[in-house]
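Open the model in your viewer and keep the sequence beside it. The tour goes from one selection to the next.

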Amino acid sequence: MNPASPFLELQKAPRVQVSSGGVPFDLPEGANLAAALLAAGVDVFRHTPVSGAPRGPFCMMGACFDCLVEIDGVVRQACMIEVKQGLQITKPHETEAVDDQA
Ligand code: FES
C-alpha cells in the first residue's frame, strides 16, 4: 500500500486555464473541479433561487447539489467534474436572474 495521498499528485499535474464568472484560473488538470475552485478561493458557486442565499460545495460526493455550476449551458455538480482546459463556468441561471430584475 502506498501511504502517500493521491491528492499530492495534483501538485505535479499540469495547469490548465478555466474561467469562472469571467475570472481566469490556472487549475490542476484532472483535479476535482469543486475542490480546485475552493482551493483557488472561489467559495460561492451559486445562489438559491428563492432567497438568493449563497451556496458552495458541502458534501463533495454528489448528494447535496450545493456545488451546482453552469458549464457550456449545462447545470452540473462541480464535485462530479474533472478540471479540463477551457471550461467556461458560471453560476447557474445567472443570466436569467439578471433578466428577472430588469
Ligand atoms: S458538493 Fe454536494 S453535490 Fe457537490
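Select Arg55 and Asp66 to begin: their side chains meet in a salt bridge at 3.7 Å, N to O. A salt bridge here is a side-chain nitrogen of Lys or Arg within 4 Å of a carboxyl oxygen of Asp or Glu. Arg55 lies in strand β4 and Asp66 in the loop between β4 and β5, so the pair ties together parts 11 residues apart in sequence. Strands are DSSP runs (E, at least two residues), numbered from the N terminus.

Next, colour by accessibility. Arg55 is partly exposed, with a relative accessible area of 31%, while Asp66 is buried at 17%. Buried means under 20% relative accessible area, exposed over 50%, and partly exposed in between (1.4 Å probe, protein chains only).

Salt bridges that share partners join Arg46, Arg55 and Asp66 into one network. Arg46 is in strand β3 (residues 46–47), 20 residues from Asp66. Both Asp66 and Arg46 are buried. The salt bridge count is 2.

This is a predicted model: local features need pLDDT of at least 70 and side-chain atom pairs 80 or more, whereas totals for chains, interfaces and linings use all residues. Residues are numbered from 1 along each chain as its sequence is written, and side-chain values use heavy atoms, without hydrogens and water.

Last, colour by pLDDT, the predictor's confidence in each residue, from 0 to 100. The protein chain has a mean of 89, and 90% of its residues reach 70 or more. Select residues 97–102, where pLDDT is below 50. Beyond near neighbours in sequence, this stretch has 0 contacts in the model (heavy atoms within 4.5 Å). Where pLDDT is low, the predicted coordinates should not be read in detail.

Definitions and conventions:
Helix = DSSP H or I, 4+ residues; strand = E, 2+ residues; numbered from the N terminus.
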